[in-house]
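Hello,

Here is the structure we talked about. Please look it over, then read the notes below.

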Amino acid sequence: MQRRILGRDRLIAAFLVGCVLFNYPLLSVFDRPSEIFGIPMIFAYIFFAWVLVIALMAWASEARSG
Amino acid sequence: MNKKILIADDEQNIVISIEFLLRREGFEVLVAGDGEEALAKVRGERPDLVLLDVMMPKMNGFDVCQALRSDPDLAGTRILMLTAKGRDTEVSKGLGLGADGYMTKPFSTKELLAEVRKLLGM
Amino acid sequence: MLQAPVLIAVSLLYLGLLFAVAWWGDRRADRGRSLIDSPTIYALSMAVYCTTWTFYGSVGRAAVSGIGFLPVYLGPTLVMALGWFILLKMIRIVKANRITSIADFISSRYGKSHLLGGLVTIIAVVGIVPYIALQLKAVSSTVGLLLSYPEIVMPHRSPTMSVAADISFYIALILAAFTIVFGTRHLDATERHEGMVAAIALESSVKLVAFIAVGVFVTYGMYGGFGDIFEHLATHPELQRLATAIPSGQGYTGWFSLIVLSALAVLFLPRQFQVAVVENVNESHLRRAAWLFPLYLLLINVFVLPIALGGLMHFSGQGVDADTFVLTLPMSQRQEGLALLVFIGGLSAGTGMVIVETIALSTMVCNDLVMPLLLRQRRLALAESKDLSGLLLSIRRGAIVVILLLGYCYFRLAGEAYALVAIGLISFAAVAQFAPAIIGGMYWRGGTRGGALAGLLAGFIVWGYTLLLPSFAKSGWLPNDFLTQGLFGIDLLRPQQLFGLSGIDEISHCLFWSFLANIGAYVGVSLLRPPMVAEATQATVFVDALQESGPIGAVLWRGRAKVSDLQELVGRFLGPARAEVAFAGYARRHGGRQGDKLEADARLVQFAESLLAGAIGSASARVMVASVAKEEPLSIEEVMHILDEASQLRTYSRELERKSRELTAATLELREANERLQELDRVKDDIMSSVTHELRTPLTSIRAFSELLRDDPKMHLPDRERFLGLIVSETERLTRLINQTLDLAKIESGRADWNACELDLKEVIEQSVAATSQLFREKEAHVDLDLPDNLPLIMGDRDRLIQVMLNLLSNAAKFLPPGSGRVRVMLRLLADGLQVSVTDNGPGIRPQDQELIFEKFRQVGDTMTAKPSGTGLGLPISRRIVEYLGGRLWVESVPGEGATFLFTLPFAPQRELAVGQQEPAA
């Protein structure tokens, strides 16, 4: 029961993190014509944030302990 | 003719004392150490009175009393129950089974003699 | 390789493969070994979200708006994080109420309303049919492209082309046939299609593989990786903004709106509701699918921008439609195999969407639109008809064909028009209108049928006015004045600057106004009056769906119905055989012999209704059941009362359970304590009685001898001496008895003094044997000692152990046969202690007496010629002493062959442990 509540809270946290990462104003910080490793900043940022959110969700869903 | 009395008790010292007491008073005394022996001696020797201890091995006093009273041939045999358990229920149980008298241990020798004489109509 | 016959053959082969998978899935489902019982397959089936609009369209949109296509996939990612709550609740509700579609869901929530179900169905059909048209367009235009290979010619449809010559018409027909076979194989109360789900999951894998293959080919085959593509951009300054910024026309508002819109769409699109909720086999799959599905979305989008940019640079100025880049780039490089794979991927994306969407829509059309109307037609007397299952299937099949033909017609009509191109988001906005009624319905008890109707209607109208009609105008089907001047030339009514709201994109604009109208009407109208009986009932069923307790619906039904009537009713819609099986199953599950009962109880009525709900929708099911059951209506007060009670019960049930568990435990403890007390009382009584008896017996002799001596001063000296001797020995007996009784009482009450120290048991035994040697000598008995040296020490109380040994030895001496007695005392080493045994060759102890002798005053004398002397307390005391020291005392004996008393004692604990007062081990 405790574990389920923890997992639930982690998922909610992942949702909130995603909401912040994927929207204004954080988005505007990376919305400029520069590159990172030859890849446009905004493109790299969004995919990085996306991977991060999915990883958070996977961790929240799959973690068995703690 | 001397009255014949059977003492049925498994406590040797009690038997010794009562036997001595009764012989001194001129009674003919028989002794039994347990219930079965008591029943056999009553049937064989036909005593006039049985002093019956309740707590005996093999067959307790109540059972012996019941057996004696169910035998019409032995209807004349008087029974005096002796017990160390002085509860009222035990007294009434003994009397209910057809015992003629009841004495609680320890008893006074005088009272015992009086009771014995009374039961034997002396 | 890309000629028409090959394409047709490959397409048909692929569809055949899908059908085989579906058939296999259904077979497995029938045998109860579900093929799709896996979170991965569940997540893949959710990927039906990605249609040709994604497969081909994403690249097209990326070519225009750069990363502006991404929010459509970020929204679902975010909502899946909440899926564990929202989807789980929907799944629970759907399973508990046998809901089969989103229309049924909304209708059921608001008191099983036909009107509401019908409205939802109409909105869904209007919103989705163009979307189906889009799939047909994509599939047919890719066929056209491939057929022109090796040339790359943008297909241009001639409006005059006959239907019979139009390849997309045949595609529509094939898909209709396919959908019919998949979706309406048989009627099922749960309306689940395991085979279809398996096929959809396969299609999702194929389209992902195909898209990534193209992405890898373009990025690493045609260019030198991501960095290379973006480097090439330097030579195309006009393209640079695509890669570097949020598109200016969209802005952050539009970005945000798209996230919200797609988040709602992934929940409420009929096909998503179908795969994620209705087809869910196991709610625990949600857990993993919650991140697997977003991962899928991420993977299928990684290469979108590279393909778009690559295509734009490669086909620069050639007039190649960016929507076709996924196919035309491999074609331009003569990659026939890859092109074919792409075509199959696109076919997967298109057919998957069409099949699931059509099944979902046809169920809605049948259950929430056609059946209610048919059942209402008294003329048709359908309600009395014997077996309607065939009719139901026919309606669904008809609906499938009609929906696909509608899609085809729209496709023919719209052609290249804007209305078709933009339909993806327009569809999303249409189904988003369900959100207030559904989410409000799941979390707010106050929503009413009127509120839901008003909200849906208002949202639908505003959606139509601000998004659908403008798309018609942009397609040239409506005068452009409508857009620029507003309706009737009223400036405030300009559909995309409604009431002067401007400066935001059309999607945000529509979303704002439609949600304002929708939510406003839903909440406003709901608040006009309190919920009615049916609404309040369903509100509880929905809102409390996650509560752990039985369905409340059945409690809220009071009336009379015959079991046979109910079964017959269900049989009319599901077929008599299936009804029979279902009712027999119910009877089995509920233990009782329901079938034998004449009157159905509320739960059986509920069961029948839910069976029907699967086939004809919950609203119709309620009407049908009402036709055979004489329901005694409950008043609103009664219902509210029951609901209040039920919800209070739920609220407090856990607390109550806890309390009652505590109470039970306390009662049990109390009873045990009481029993212990009574037992103690009884034991005390017994002991008092025994002690009394044991005390009276020696007293009797003492008194008798004393009186004899007193009354007869001239008694012979030998008699006198003998009697005095007896008096003394009886007095000793009395003393012993009193001491032992007190001793035992002290041990039992725990007040005994113990002097625990490390002991050499051998020494204790030797000392005891020496102390009793006189006893054995008197009996002329022989004593054997078998006591090994150097045994470990034990922890014990010397005096107490000597007491035990003396008791056992004197006991043995008591029963030895005179003259030939033998006693053997042995000391043995055990794994965890020492064992002492005292064996005699006396008469032995009968098995039934071997425990009795350890009870107080339980001397066993039956086999003995004389009553044993002693107090009857020696063994009980010995046993308690040994047990106190952590050991065990018992007897082993074969009657006639003597007895052996044994006891064990544990070793002394290690020296570093406290040496002193020992705790009892028992």
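A hairpin of 3 residues connects E6(C) to E7(C). Strands here are DSSP runs (E, at least two residues), as helices are (H or I, at least four), numbered from the N terminus.

The model is predicted: local features need pLDDT of at least 70, side-chain atom pairs count only at pLDDT 80 or more, and totals for chains, interfaces and linings use all residues. Residues are numbered from 1 along each chain as its sequence is written, chains are lettered from A and ligands numbered from 1 in the order in which they are written, and side-chain values use heavy atoms, without hydrogens and water.

E6 (residues 822–829) of chain C runs antiparallel to E7(C), with 7 bridges between them. Two strands pair if DSSP finds at least two bridges between them. C:Val825 faces C:Val838 of E7(C).

E7(C) also pairs with E9 (residues 899–906) of chain C, antiparallel, over 7 bridges. There, C:Val838 has C:Phe901 as its bridge partner.

How many residues of E7 (residues 833–840) of chain C are buried? The count is 7 of 8. Buried means under 20% relative accessible area (1.4 Å probe, protein chains only).

**Chain C overall**

Chain C holds 35 helices and 9 strands. Of its 922 residues, 56% are buried. Take contacts (heavy atoms within 4.5 Å). Among those in chain C between residues at least 6 apart in sequence, 80% join residues at least 24 apart. The chain exposes about 38700 Å² (Shrake-Rupley method, 1.4 Å probe). Carbon and sulfur atoms supply 60% of that area.

Best regards

Key
Buried means under 20% relative accessible area, exposed over 50%, partly exposed in between (1.4 Å probe, protein chains only).
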